[in-house]
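I opened this model to look up charges, rings and contacts. My entries follow in the order I made them.

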Amino acid sequence: MSGTRRMFAIEAGWYERVRRGYICRYSFDPADFELFDANAGYYVATNTVVPIHVERMDDLVASILQEGIELRVTPSLQLLKERILSSTVNFSMIRMRNAV
């Protein structure tokens with residue numbers, strides 16, 4: 001239903017927290033990391049790493065959209081979870097324990 005390469009989905013109950021929140025994006029030397037999970041896009045470092053740059057991101061909704069990521073807001077992630085699990089889409093569901 002979408003031509004996007006990346007999508008974030010959040011439950012409506014989290015929208016205000018995402019809108020008002022911030023995160024810090026850390027940049028590292030990619031040579032220090034190895035692929036851990038290709039499906040989810042997880043990389044790990046086996047040595048201590050030091051960030052090259054740290055960027056505070058305050059307007060998360062705008063930051064998501066500026067990265068070309070589609071943002072979907074839904075009452076519950078459960079139906080989406082079931083459909084994704086039965087699809088061939090690459091995904092990460094790292095925070096599903098917080099879903100309604």
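**Cys 24**

I started with Cys 24, which is partly exposed at 34% relative accessibility. My cut-offs: buried is under 20% relative accessible area, exposed is over 50%, and partly exposed lies in between (1.4 Å probe, protein chains only). Cys 24 belongs to strand S2. Helices (H or I, at least four residues) and strands (E, at least two) are DSSP runs, numbered from the N terminus. Leaving out residues up to four places away in sequence, I found Cys 24 touching Val 54, Glu 55 and Arg 56. A contact means heavy atoms within 4.5 Å. I also checked Cys 24 against Asp 58: they are 34 residues apart in sequence, and their C-alpha atoms are 8.6 Å apart in space.

**Ground rules**

This is a predicted model, so I note the limits: local features need pLDDT of at least 70, side-chain atom pairs count only at pLDDT 80 or more, and totals for chains, interfaces and linings use all residues. Residues are numbered from 1 along each chain as its sequence is written, and side-chain values use heavy atoms, with hydrogens and water left out.

**Overall layout**

I counted the secondary structure next: 3 helices and 6 strands. From the N terminus, the order reads β-α-β-β-β-β-α-β-α. The C-alpha atoms fill a box of roughly 40 × 30 × 30 Å along the principal axes. The protein has 100 residues, and 14% of them are buried. I then took the contacts with a separation of 6 or more; 68% of them join residues 24 or more positions apart.

**Salt bridges**

How many salt bridges does the structure hold? I get 6. The rule is a side-chain nitrogen of Lys or Arg within 4 Å of a carboxyl oxygen of Asp or Glu. In general, side chains of opposite charge can pair when their charged atoms come close.

I looked up Arg 25 and Glu 55. They form a salt bridge, with the closest N and O atoms 3.2 Å apart. This pair links distant parts of the chain: Arg 25 is in strand S2 (residues 23–27), Glu 55 is in strand S5 (residues 53–57), and 30 residues separate them. Arg 25 is partly exposed at 33% relative accessibility. Glu 55 is partly exposed too, at 31%.

Next came Asp 58 and Arg 56. Their closest N and O atoms are 2.6 Å apart, in a salt bridge. Asp 58 is partly exposed, with a relative accessible area of 43%.

Within it, the side chains of Glu 16 and Arg 19 meet at 2.9 Å, N to O. Glu 16 and Arg 19 are about one helical turn apart, because they sit 3 residues from each other in helix H1 (residues 15–20). I logged Glu 16 as partly exposed at 35% relative accessible area. Arg 19 is partly exposed at 39%.

**Glu 11**

Is Glu 11 buried or exposed? Glu 11 is buried, yet it has no salt bridge. Its nearest side chain of opposite charge is Arg 17, 7.6 Å away. For charge, Lys and Arg count as positive and Asp and Glu as negative; His and the chain ends are not counted.

Glu 11 is in strand S1 (residues 7–11). I found a polar atom of its side chain 3.0 Å from the backbone nitrogen of Leu 77. Beyond residues up to four places away in sequence, Glu 11 touches several others, including Val 73, Thr 74, Pro 75 and Ser 76. Asn 98, Ala 99 and Val 100 are also among them.

**Rings**

I counted 2 aromatic pairs. Rings of Phe, Tyr and Trp (its six-membered ring) pair if their centres lie within 6.5 Å; planes under 30 degrees apart are stacked, over 60 edge-to-face, and the rest tilted. Tyr 26 and Phe 28 are stacked, at 6.3 Å centre to centre with 15° between the planes. Tyr 26 is partly exposed at 45%, and Phe 28 is partly exposed at 29%. Ring pairs link Tyr 26, Phe 28 and Phe 33 into a cluster.

Last, I looked for charges over rings. The test is NZ of Lys or CZ of Arg within 6 Å of the ring centre and within 35 degrees of the ring normal. Arg 17 lies over the face of Trp 14, 3.9 Å from the ring centre. The charged end of Arg 56 sits over the ring of Tyr 22, 3.6 Å from its centre.

How values were computed: Polar contact = N/O pair within 3.5 Å; in protein donor to acceptor, adjacent residues only side chain to side chain.
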